[in-house]
Amino acid sequence: MCTVTAAVATTATVVAIAAAPSASATSTATGRIGTRTAAEIRTDAVPTPTLNWTDCGGGFQCATATVPLDYAHPGGQTITLALNRLPASDPAHRIGSLFLNPGGPGGSGLLLARAARQFIDPAVLARFDIVGFDPRGVGQSTPVLCFDTQAADDQFWAGAAFPVTSEQENTFADQMALLSRSCGQHDDGLLAHVTTTAVAEDLDLLRRAVGDARLNYHGYSYGSFLGEVYANLYPDRIRSMVLDGVLDPVSWADQPLRFFADTTVSDERTFDAFTRQCVAAGPARCSLARPGQDATALRARLDDLFARLRANPLVVPGFPPLTYQIAVLITLQDLYSPDAWPDVANFLAGVEQLSLSGAGAPAAATVARSAGLADIPLSPPNANDAFTAVFCTDTRLPRAPGAWPALARLLELRAPTFTRPWLFEALPCATWPARSPERYTGPFDRHTSAPLLLVNTTFDPATSYVGAQRAARRLADARLLTIDGFGHTSRRAPSTCAHAAIDGYLLDGMLPARGAHCAIDRGPFDPVPAQPAATASGSTAADPVRMPPRW
């Protein structure tokens, strides 16, 4: 086991590697030539895809677009992109198309658009066609496939829990090397061309294909990085762009270890906020609260609980063993949505009861119900493979699997609970078989034809507020709207103020004042208003994308 001193030394070397410029890995489609960027010139040379829209149920239309695999060779191999759209309900006053990206990377824009009626205001639905698309490599677009069958893919990822012990670290490294080999063996050239740069180029073709002179876009989480790249490749082609749950583009592209540090510390801060909100709500509304116990004591209880699970998994009759890893992942996932905080409190209270007093029927039922919250019903089948493919080609991490345990121990000094789910998910990048010449690393400060609206909560467990602030400073024409509250992206934060500001920007170009803050409508442990019934789209998911530990 590495000492802290050794971890620091190893990390210093890795950070130097991650921060060094890499001309060979930087996109050639970056500079401005005359009045157009090189990316604009390159994309303009590609014929506009033809979209033959057909009815696909629930008021939606579907189409596919044929685009180049490699925009440097537009006459070569092609791939297909799957799109859907919900036509504007007031076509006489239609503004254009609003493209959505749910994040991930690996999230399905098709599935996000299907849920649009549940999280987009009717005034926006009236004026825009809502357009979803699965990015290249994802879902129904030409997908990244790393296994022969979906069953084999599912089986692999089901056994890929982040490691805790040194033995598990070695086993996990072997598993991720196996994944890299399998992805390489199944690759027909796609892996080198799933970067966000290529998706941004696709997005510009799709903008043209739907007939819009300028892009309207709402990107969530990782989708904010797609927007940042598009804004700097195509700065003159933006009408409106909402970046919601904001990634610092430089950290994502060239300083991923800084990003991991930001994110894992944000997780810890959010977990501390969870304990404060629970104590304030009291035992009547938060099952973890105890009379006279403050938030510091509650956090200590939870740390003790995780320590017990780390030493010994909990056996619940009729269910698989509840491991430390499962408990941390369930907790992390439900920190994404403040409406789920009572559920995670119930889950942790039930686990605590079982760990202290043995199995009991009520507590076991609580554990079983809460564990079900970890389901991800709206991610495409290849979401894990697609995430890995995009992240490993977008970013630059050390090519040494042995560095990961040392890095984990160092980051755990500030983020002891949530470092490993994030950091070890990136371990395949140490052995990833593909590299891309089109990886975009900047600049990120180009002036744009319309200002960008950035939105972030102060306690976001996935896209840290400090990262959003940094992004706002980097981007030349951006305005940050702060939601003083909890949750990953505005759609999980109940804030009428923030939603009205987003709608006003999309519809009329109205920006909130500089330094504007919005309050949340209710606390995480306050009663949640009744949700509307399932819409005509057939979707019943109130929270369209829940992919932790993803962006």
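1. Let me start with the disulfides, of which this predicted model has 5, a disulfide being a pair of cysteine sulfur atoms within 2.5 Å. Counting the bonded cysteines along the chain, the pattern reads 1-2, 3-4, 5-6, 7-8, 9-10. Before going further, a word on the conventions: residues are numbered from 1 along each chain as its sequence is written. The model is predicted, so local features need pLDDT of at least 70 and side-chain atom pairs count only at pLDDT 80 or more, while totals for chains, interfaces and linings use all residues; side-chain values use heavy atoms, with hydrogens and water left out.

2. Take C146 and C183, whose disulfide has an S to S distance of 2.0 Å. The angle about the S-S bond is 105°, and the link of C146 and C183 is right-handed. C146 sits in the loop between β7 (128–133) and α6 (150–158) and C183 in helix α7 (residues 166–185), so this pair ties together parts that are 37 residues apart in sequence. Helices here are DSSP runs of H or I with at least four residues, strands are runs of E with at least two, and both are numbered from the N terminus. C146 and C183 are both buried, where buried means under 20% relative accessible area, exposed over 50% and partly exposed in between, with a 1.4 Å probe and protein chains only.

3. The disulfide of C392 and C429 has its sulfur atoms 2.1 Å apart. The link of C392 and C429 is left-handed, with -85° about the S-S bond. It connects distant parts of the chain, as C392 belongs to helix α16 (residues 383–394) and C429 to the loop between α18 (419–423) and β10 (452–459), 37 residues apart. C392 is buried at a relative accessible area of 3%, and C429 counts as buried at 3% relative accessibility.

4. C278 and C286 make another disulfide, with 1.9 Å between their sulfur atoms. The link of C278 and C286 is left-handed, with -90° about the S-S bond. Both C278 and C286 are buried.

5. On to the sheet, which is open and built from 10 strands in the order β3-β4-β5-β7-β6-β8-β9-β10-β11-β12, with mixed pairing. Two strands pair if DSSP finds at least two bridges between them. At the edges are β3 (54–55) and β12 (517–519), each of which pairs on one side only. Strand β4 (residues 61–68) and β5 pair in the antiparallel sense over 8 bridges, and Q61 has R85 in β5 as its bridge partner.

6. Strand β7 deserves a look of its own. Which strands pair with β7, and in what sense? Strand β5 (residues 78–86) pairs with β7 in the antiparallel sense over 4 bridges, whereas strand β6 (residues 96–101) and β7 pair in the parallel sense over 5 bridges. I130 in β7 stands opposite L86 and also opposite L98.

7. Is β7 buried or exposed? Of its 6 residues, 6 are buried, so β7 is largely enclosed by the rest of the structure. In a regular strand the side chains alternate between the two faces of the sheet. In β7 both faces are covered, with F128, I130 and G132 buried on one side and D129, V131 and F133 buried on the other.

8. Helix α11 (residues 256–281) and helix α12 (residues 295–311) have axes that come within 9 Å and cross at roughly 120°; axes are lines fitted to C-alpha atoms, for helices over the stretch in contact, and angles run from 0 to 180 degrees between N-to-C directions. α11 and α12 are therefore oblique to each other, given that angles under 35 degrees count as roughly parallel, over 145 as roughly antiparallel, 65 to 115 as roughly perpendicular and the rest as oblique. The crossing of α11 and α12 is right-handed; a crossing is left-handed if the near helix is turned anticlockwise from the far one by less than a right angle, and right-handed if clockwise.

9. Helix α20 (residues 496–508) has 13 residues, which at 1.5 Å a residue should span 18 Å, and its end C-alpha atoms are 18 Å apart, in agreement. The expected span is 1.5 Å times one less than the number of residues. Among the buried residues of α20 are A498, I502, Y505 and L506. Just after α20, G509 has a positive phi of about 75°.

10. Finally, R237 lies in the loop between α9 (222–233) and β9 (238–244). R237 is buried, with a relative accessible area of 12%. Its C-alpha atom is separated by 9.4 Å from that of R207, 30 residues apart along the chain.
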